[in-house]
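Colleague: I would like to learn how to read a helix and a set of aromatic rings. Please take me through them.

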Amino acid sequence: MSKKDLDWSSIGFNYHVADYRYVSNYKDGKWDDGEITTDAKIVLSEDAGVLHYAQEVFEGLKAYETEDGHIVCFRPDLNATRMMDSARRLEMPEFPAERFIKAVEEVVKANEDWVPPFGSGATLYIRPLMFATGNVIGVKPADEYQFRIFVTPVGPYFKGGAKPIVVKISDFDRAAPHGTGNIKAGLNYAMSLHAIVTAHEEGFAENVYLDAQSRTYIEETGGANILFVDENGNLVVPKSFTDSILPSITRRSIVQVAKDYLGLEVDERPVRLDEVHNFKEMGLCGTAAVISPVGKINDHGKEICFESGMDEMGPVIKKLYDTLTGIQMGEIEAPEGWVHVIK
Ligand code: PLP
Ligand code: COI
């Protein structure tokens with residue numbers, strides 16, 4: 001094996017066409033055996049359900065090379081089950097969890113040369129997706145689907161890596177109360193595109209969305225959950241009373257790391273926008289974002305500045321970041337079942 005000749009430290013969060021992908025098709029009520037293929041292109045009927053009624057769900061996880069040369073990924077069982085939840089919500093067939101995990105293993109092994117070297121700062125992003133290929137014209141679920149997994153090496157999601165970012169309170173909503181905000185469906189991201197383009201034009205890295213019902217509570221950003229650190233150095237995690245926040249695997253892991261590794265108290269509760277100025281630190285967390293520190297929030301011109309400032313991660317967010325990434329990279333002992341060895 002020989003690693004691809006890429007400048008791993010400066011690849012950014014972009015798509016590189018790796019050599020292999022995994023594809024399985026659903027027809028006549030069942031999934032076929034699935035296979036590894038080199039074909040990165042998809043041919044669809046003009047009437048495919050995904051093109052009309054957005055029947056598509058996806059996932060995101062990462063594979064890492066550890067110091068001793070193994071390739072591992074982080075809690076793929078949770079991605080598998082979340083994708084099953086997403087599929088059920090959009091009336092799509094479930095791709096079984098054990099097959100999901102096996103497909104992740106196969107596609108990562110096939111693309112071993114694309115796994116960034118340990119210590120390079122880059123990782124292999126794994127993107128499972130499922131979409132309706134079957135014909136529909138009336139509004140109804142299709143009866144044929146494709147499940148696919150491709151991979152691409154990635155660097156930091158936000159420019160500047162661990163540098164604090166500035167986010168804005170969005171006037172747009174991400175997810176309706178009791179809608180689809182709690183699943184990972186492409187439709188949730190389509191409607192965030194205008195908001196993120198606008199935010200970028202205004203110089204902000206991300207949007208913070210409020211609950212759509214009362215516009216009082218903090219929900220999440222377009223691509224990550226939110227963490228706060230209170231004046232006692234404990235973690236406060238926004239919870240939605242309308243179930244419209246994506247159940248981030250990174251956030252669920254951080255909550256456990258905070259309690260069990262760092263001895264912090266964790267308060268998971270609805271968080272009002274008007275109390276955020278009391279917090280000392282803020283971070284965004286997700287597979288792509290890892291834990292990205294936020295230096296300030298812009299609320300319609302009014303700045304909410306965190307004590308941790310714009311130069312570096314605050315001390316608690318930093319400890320969480322170091323512990324989580326240490327676990328993911330195999331440097332700190334992981335809780336049972338968190339690190340899945342692929343090779
Ligand atoms: N929230 C949104 C809207 C996301 O797109 C993501 C990314 O997956 C997350 C949160 C973080 O979830 P996870 O930690 O499972 O990647
Ligand atoms: C991820 O973190 O895996 C995501 O899907 C977020 C996306 C905005 C890149």
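Modeller: Start with burial in helix α7: V316, I317, L320, T323, L324, T325, G326, I327 and Q328 are buried. Buried means under 20% relative accessible area, exposed over 50%, partly exposed in between (1.4 Å probe, protein chains only). Helices are DSSP runs of H or I, at least four residues, and strands are runs of E, at least two, numbered from the N terminus. This is a predicted model, where local features need pLDDT of at least 70, side-chain atom pairs count only at pLDDT 80 or more, and totals for chains, interfaces and linings use all residues. Residues are numbered from 1 along each chain as its sequence is written, chains are lettered from A and ligands numbered from 1 in the order in which they are written, and side-chain values use heavy atoms, without hydrogens and water.

Colleague: How many residues does α7 have, and what does it span?

Modeller: The expected span is 1.5 Å times one less than the number of residues. α7 (residues 315-328) has 14 residues and reaches 20 Å from first C-alpha to last, close to the 20 Å expected. G330 follows α7, with a positive phi near 80°.

Colleague: How many aromatic pairs are there?

Modeller: Rings of Phe, Tyr and Trp (its six-membered ring) pair if their centres lie within 6.5 Å; planes under 30 degrees apart are stacked, over 60 edge-to-face, the rest tilted. That rule gives 17 aromatic pairs. F13 and Y125 have ring centres 5.3 Å apart and planes at 65°, so they are edge-to-face. F13 lies in the segment before β1 (21-27) and Y125 in strand β7 (residues 123-132), 112 residues apart.

Colleague: Is Y125 buried or exposed?

Modeller: Y125 is buried, at 7% relative accessible area. F13 is partly exposed, at 27%.
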